Amino acid sequence: MWARRDSFRLHAFISCALLAAIPVTVVPSFAQEETAAGAVVEKSARERDLRDQLQNILRELEELQQQPAPGAAAPTAQPSVVKESPETKASEPIPQYDLSDVSIVSDRVQRRPEGLSMSSTEQSETESQPTRTMKESMESLPGVVLRQANGPRDFSMMIRGQGAKTAFAVRDIKMYEDGFVQTQSDGLSRLDIHDPWFMRSVEVTRGASSSLYDNYALGGMVHFRTRRGSDINGVETFLSGGSFGYHKEGIAVGQQYENLDASLFVSNVGEDGFIRNSSYNTQTINLNLRFKIDDKQNFYFKAITNWLDARVPTRLTQAQFNADHRQAGGTNVVCNANTCSDAERLAQRRLDRRTIIGGIYERQINANTVLTIEADYDVKDINQTFSQISDNVNPNYKHYADLRHDGRLFDMPLRSYVGFFLSNMEQEAQTFQNLADGFGTRGALLQNSRGTIRNVGGRFREELEFIPKVTLAAGLGFEQSQLSVQSIGYTGGAVSSRAGADRSYTNWAPEMSVTWKPTDAQRHWVRASTGYGIPGFANLLRDPVTGQPGTNFDLKPQKNLNFEIGTESKLTKTLTVQLVGFWTFFKDEIITQAVSGNNTASVNADSSQYKGIEAFYDWRPMEGLRLSGAYTHIEAKYVNFADRLNTAAGFLVRDGNKVPNVPTDVLNTKVAYDHAATGWGAWIEGSYYNSYFLNNSNTFGIPSYMIANVNVHKNFDLKNSWFRFAKFYIELDNIADKKYAASGQVIGGETAGAAAGQQAFFAGYGRAIYGGVTFGLF
């Protein structure tokens, strides 16, 4: 109970204190636009000026870092002012930096790792949208697929097939927001806490990346970056509404001062829901304070809290989807003298709270070395009502420290990185009987458990430009994980079972890449990288033979090996393309298997492989016009795996079968036009998902679909004492009112008939219209 009291106090503190955190005055500031590979950002005149200033600063830094000529005496101190000469300026090309390479904590340049497949969204992706979910903007990125899960902003996420078998939340992908780790120590991440309207960009690193981001980075890493105070420069309000009772209210307060950049975001969102029993309301507060202590030291304080109250429907069988795709699912029964679904009879609901509070300290030790230290407290307090009612509290302490150094090996530029990290998460959980009276009333205690996960490790990376324009990168990560959990089951108030596990895992993650940049507009790379993810509490508490409470002694961590070759080129001044081919080999993939009757357990699939291509283009043939698109193709199959439907049927060989719930083809295209002189703009986009299998026997799948959305928006520069600007939009989604299954999950069933009777689908939204306005105040 101590953890629940901790959670309540922290939520109460955040709720009462954050709203008064930021004074607002109007001072000159500038906004930094963030990009990554595969994303091109509109260049304003102010941004071009900033880039010129940045290049001048970097030119001076390069000169300061030049080694003395052979035989020359080393200077005892660096001059405070460096005057450029033509000879010095021409001696070495000036490195090209994007504003995306600016540190999260300060304005210091901090280059990204070399040899990675990266992409990011533009802020314009959220400025003219309802910002209902992250899917609205992230579906424009190659290799990334989001599908509806249990709640309004809860989506499962897949990168190159990793995370595809998760029916709720996000697993097998590491997530950050502004440098703070959002993935808890058990590998679970949820998108509920991230409001799209708060974001300036979302950046994705694709492919196994545990050498950089440690445990659970099997598919890669997602980094949410919120807008800075300098981006807001006053007060902004956002009002939006639309179909199915949707409404959203938000306020952003931000300012950049001499030694402080401050931003505060608050939002309230609610909806009746397209599917019955899917209404929700959620509130989010996000505070960011960046302090400049002196010229060498900076400190970043962040606090996020999210409340969610969401009704949750049940997935539909094929017959239910065909008959009425908006129904709540399950079996219709009589409850309280009315006909209701199982979801309504059980009062299926998520009542969740999560709060993260932490800080990042950054210190420039010398001209070439920077130390970063992060620490945060992350508590998740969930109360969920389904066929059983569960209470779960997860207090989580996380920390990492990084040291970066830019130097030279002989006369070759060398960037070095070394890091250390640790985390500790506890779990206190109770499960109760659901009396199924339509109110979610708790019955007898069925189970309680207590567990701990501790992770500690280190990593290093070297990036050597061993010949001009060619960089060799090599890194290695190490992690020791200790997992301990005890569970007690009850029947009729008496202890009926005991289960527990105490496991230790050691994982190594090597990585190597070679990057060639023949010009500033071209980048080509090859990469070999690895990822790993340890089992969670629930995986270890089921006997793999009977599915009954017990210890899963043989369950191993899942690991993968990723090979990729990629190219990104600015073919013309207006056309940028990215093309990546990948091949990922999975070992001991953790899957859920039916083992006896309706019981399930976690097992390791010996080996499987995922291979495919990712393509992206961004073409701007004339001012204001942008044509963009992202395409992903994946072939995923089992190489060596014996499935078991139940103990009577024995094992069934699945070698060569496709891995279920992995989309084979995903395409998103968009045409947008903005007329700067009048402030009018519009875009139309289309998304296509090919069909794919949902069971291991490959006899039942989810249908393909294609939908289109259209948007018109208008911006006004008001420039008076009260209003700075107004941005209006109206959007029509699913123009053709297409009936489609937006989400599936892995199911059993050897034949198509057997699989068709299982709960598999969530329906996608029908035709919907949304409108809204953002006001810039003061």
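Biologist: Which helix holds both R345 and D342?
Modeller: Both are in helix α9, residues 342–345. They are three residues apart, about one turn of the helix. Helices are DSSP runs of H or I with at least four residues; strands are runs of E with at least two, and both are numbered from the N terminus. This is a predicted model: local features need pLDDT of at least 70, side-chain atom pairs count only at pLDDT 80 or more, and totals for chains, interfaces and linings use all residues. Residues are numbered from 1 along each chain as its sequence is written, and side-chain values use heavy atoms, with hydrogens and water left out.

Biologist: How far apart are the closest N and O atoms of R345 and D342?
Modeller: 2.9 Å, and the two form a salt bridge. That term means a side-chain nitrogen of Lys or Arg within 4 Å of a carboxyl oxygen of Asp or Glu.

Biologist: Is D342 buried or exposed?
Modeller: Buried, at 15% relative accessible area. R345 is partly exposed, at 23%. Buried is under 20% relative accessible area, exposed is over 50%, and partly exposed is in between, with a 1.4 Å probe and protein chains only.

Biologist: How many salt bridges does the structure hold?
Modeller: 48. One of them pairs E177 with K302, with the closest N and O atoms 3.0 Å apart. That pair links distant parts of the chain: E177 is in strand β4 (residues 174–177), K302 is in strand β12, and 125 residues separate them. Both residues are buried.

Biologist: What about D391 and R442?
Modeller: Their side chains meet in a salt bridge at 2.7 Å, N to O. D391 lies in strand β17 (residues 388–409) and R442 in strand β19 (residues 442–467), so the pair ties together parts 51 residues apart in sequence. D391 counts as buried at 9% relative accessibility, whereas R442 counts as partly exposed at 37%. Elsewhere, salt bridges with shared partners join a set of residues into one network, among them R160, R206, E463, K517 and E614.

Biologist: Switching to the core. Which residues have the most contacts inside the largest nonpolar core?
Modeller: M138, V144, L146, M157, L191, V222 and F224, in a core of 31 residues. Strands that each supply at least two of its residues include β2 (144–148), β3 (155–159) and β7 (220–226). A nonpolar core is a set of buried Ala, Val, Leu, Ile, Met, Phe, Trp, Tyr and Cys residues joined through side-chain atoms within 4.5 Å.

Biologist: And which residues is M138 in contact with?
Modeller: Leaving aside neighbours within four places in sequence, M138 touches T121, V144, L146, M157, V202, V204, V222 and F224. Contact means heavy atoms within 4.5 Å. There is also a second, separate core of 22 residues, which includes F582, I634, F641 and Y689.

Biologist: Why is β10 largely enclosed?
Modeller: Ten of its twelve residues are buried, so the rest of the structure largely encloses β10. Strand β9 (residues 247–256) runs antiparallel to β10, with ten bridges. A hairpin of three residues joins those two. H247 has G270 as its bridge partner in β10. β10 is also antiparallel to strand β11 (residues 280–292), with twelve bridges. Two strands pair if DSSP finds at least two bridges between them.

Biologist: In what order do the five strands of the open sheet come?
Modeller: β1-β6-β7-β4-β5, with mixed pairing. β1 (117–120) and β5 (180–181) stand at the edges with a single partner strand each, so one side of each has no neighbour in the sheet. Four bridges join β1 to β6, and those strands run antiparallel.

Biologist: Now the surface. Which residues form the nonpolar patch?
Modeller: F466, I467, L472, M512, V514, V526 and I565, with about 560 Å² of accessible area together. Nonpolar side chains (Val, Leu, Ile, Met, Phe, Trp, Tyr) are joined within 5 Å and like charges within 9 Å, for residues with over 30% relative accessible area and no salt bridge. Areas come from the Shrake-Rupley method with a 1.4 Å probe; for residues, only the protein chains shown count as cover. I565 sits in strand β23 (residues 558–570). At 55% relative accessibility, I565 counts as exposed.

Biologist: How many helices and strands are there in the chain?
Modeller: Eleven helices and 37 strands. Of the 778 residues, 56% count as buried.
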